[in-house]
Every structure is written in C-alpha cells, then in structure tokens.
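Take a look at the chain shown here. Keep it in view as you read.

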Amino acid sequence: MDVHIHMSYCTPSGFKLLASNYLGITEHQLFQEIENLIGATAVTPAEVAEKLMKDDEVDIALKGLIDFLHMKEKEHEDIKVEEEENE
C-alpha cells in the first residue's frame, strides 16, 4: 500500500512557532521581513528550522534565515525566467 503525505510549505505562523521552539522568542524586529519573505517563497519548515539552529545568537540566526530566503527567492525567479525562455 502506498501512503501519500502532503507536506506544505512553511507559513508565517509556522515560522513563529519554529522561532519560539528553536530560539525561545515570540517577537523580534526582523519577524515582519521574514514573514513577508516566507509568504512569497516556497520554503519547507525543515529548511527554516535548519537555518534557525545554525547559531544560538538570535540576530545572527534570523539574519541567516533572511539571507537564505532571499537566495531561495532568487532561485525561484531564475527558474521562472528559464521556463519562459524555453516556451
């Protein structure tokens, strides 16, 4: 028997839960920027958690996540452009 499990992308509320669990914070000045990027970028909760675990310093971990989300956003844009060129 095959089992299919739907794993959705991370949401802003999912990010807040991960930040609380991994960094012990519920608010930060960078949250709004991260939530906007997560809303616009297809990223899994596992990828977000991995970035949050990279450093114990909250600011460094969140800035690392922002850099990662910008990279994912750029990759997505590059794929779109490539697909449009191939049409």
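The model is predicted; local features need pLDDT of at least 70, side-chain atom pairs count only at pLDDT 80 or more, and totals for chains, interfaces and linings use all residues. Residues are numbered from 1 along each chain as its sequence is written, and side-chain values use heavy atoms, without hydrogens and water.

pLDDT is the predictor's confidence in each residue, from 0 to 100. The protein chain averages 91, and 99% of the residues score at least 70. Helices here are DSSP runs (H or I, at least four residues), numbered from the N terminus.

Now the core. A nonpolar core is a set of buried Ala, Val, Leu, Ile, Met, Phe, Trp, Tyr and Cys residues joined through side-chain atoms within 4.5 Å. Buried means under 20% relative accessible area (1.4 Å probe, protein chains only). The largest such core has 22 residues. Phe15, Ile34, Val48 and Leu62 have the most contacts inside it. α1 (12-23), α2 (31-40), α3 (45-52) and α4 (58-86) each supply at least two of its residues. α4 gives the most, with seven.

Next, the loop residue. Threonine 41 sits in the loop between α2 and α3. Threonine 41 is buried, at 6% relative accessible area. A polar atom of its side chain lies 2.8 Å from the backbone oxygen of leucine 37. Beyond its neighbours within four places in sequence, threonine 41 is in contact (heavy atoms within 4.5 Å) with Leu69, Lys72 and Glu73.

Terms used: Buried < 20%, exposed > 50% of the residue type's maximum accessible area, 1.4 Å probe, protein only. Polar contact = N/O pair within 3.5 Å; in protein donor to acceptor, adjacent residues only side chain to side chain.
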